[in-house]
Amino acid sequence: QLRPVESGGGLVQPGESLRLTCAAPDHNVAHYAFTWFRQAPGKERVALACISINGARTNYSDFARGRFTITKDNVRNTVNLQMNALQPEDAGVYYCAASNIACNYPIDFWGKGTLVTVSS
């Protein structure tokens with residue numbers, strides 16, 4: 001069973017960038033569509049960006065479009081989320097999730113999350 005593993009979270013100042021990585025031990029990221037979610041304190045988990053199984057298509061929420069970029073690295077077997085110009089409202093736990101089918105389909109596998117804090 002696929003168990004995504006997130007890394008790269010931490011404390012950054014407003015305006016700085018951060019790159020999150022999702023690994024898929026013993027599985028091939030090229031076989032799944034991946035979505036990054038964020039859950040801010042006291043709020044629901046929301047989808048930010050999704051990349052298709054073949055990596056050719058990406059979808060972004062209005063919140064993420066223009067500042068965040070999702071990519072799939074088939075050589076390193078990772079899915080990455082580059083986040084720029086971070087603001088305090090970007091803080092939360094970021095989850096990597098995978099679907100066997102495609103973006104916008106139910107999630108089959110969830111990671112445990114990585115914490116992002118944005119504060120001066």
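Modeller: Buried means under 20% relative accessible area, exposed means over 50%, and partly exposed lies in between (1.4 Å probe, protein chains only). This is a predicted model: local features need pLDDT of at least 70, side-chain atom pairs count only at pLDDT 80 or more, and totals for chains, interfaces and linings use all residues. Residues are numbered from 1 along each chain as its sequence is written, and side-chain values use heavy atoms, with hydrogens and water left out.

Biologist: What share of the 120 residues of the protein chain counts as buried?

Modeller: Apply the cut-off for buried, under 20%. Over the 120 residues of the protein chain, the share that counts as buried is 43%.

Biologist: How many strands does the protein chain have?

Modeller: Helices (H or I, at least four residues) and strands (E, at least two) are DSSP runs, numbered from the N terminus. The protein chain has zero helices, and its strands number 11.

Biologist: What radius of gyration does the protein chain have, and why does it agree with a compact globule?

Modeller: The radius is taken over C-alpha atoms, and the globule rule is 2.2 Å times the number of residues to the power 0.38. The C-alpha atoms fill a box of roughly 40 × 30 × 25 Å along the principal axes. For 120 residues the rule gives a value near 14 Å, so the chain agrees with its own 13 Å.

Biologist: Which strands stand at the edges of the open sheet of four strands?

Modeller: Strands pair if DSSP finds at least two bridges between them. The order is β1-β3-β8-β7, with antiparallel pairing. Two strands have a single partner each, so one side of each is left without a neighbour in the sheet: β1 (5-7) and β7 (68-73).

Biologist: Which residue in β3 is the bridge partner of Val5?

Modeller: Strands of a sheet pair through backbone hydrogen bonds, either parallel or antiparallel. β1 and β3 (residues 18-23) pair in the antiparallel sense over three bridges. In β3, the bridge partner of Val5 is Ala23.

Biologist: Which cysteine forms a disulfide with Cys22?

Modeller: A disulfide is a pair of cysteine sulfur atoms within 2.5 Å. The search of the whole structure finds two disulfides. Cys22 sits in β3, and its partner lies 74 residues away in β9 (residues 92-99). The sulfur atoms are 2.0 Å apart, and the partner is Cys96.

Biologist: What is the handedness of the disulfide of Cys50 and Cys103?

Modeller: The sulfur atoms of Cys50 and Cys103 are 1.9 Å apart. Cys50 lies in β5 (residues 45-51) and Cys103 in the loop between β9 and β10 (109-110), so the pair ties together parts 53 residues apart in sequence. Both cysteines are buried. The torsion about the S-S bond is about -95 degrees, so the disulfide is left-handed.

Biologist: Which residues is Ser61 in contact with, leaving aside its neighbours within four places in sequence?

Modeller: Contact means heavy atoms within 4.5 Å. Ser61 is in the loop between β6 (58-60) and β7. Ser61 has a relative accessible area of 19% and is buried. Beyond those neighbours, Ser61 is in contact with Ala47 and Leu48.
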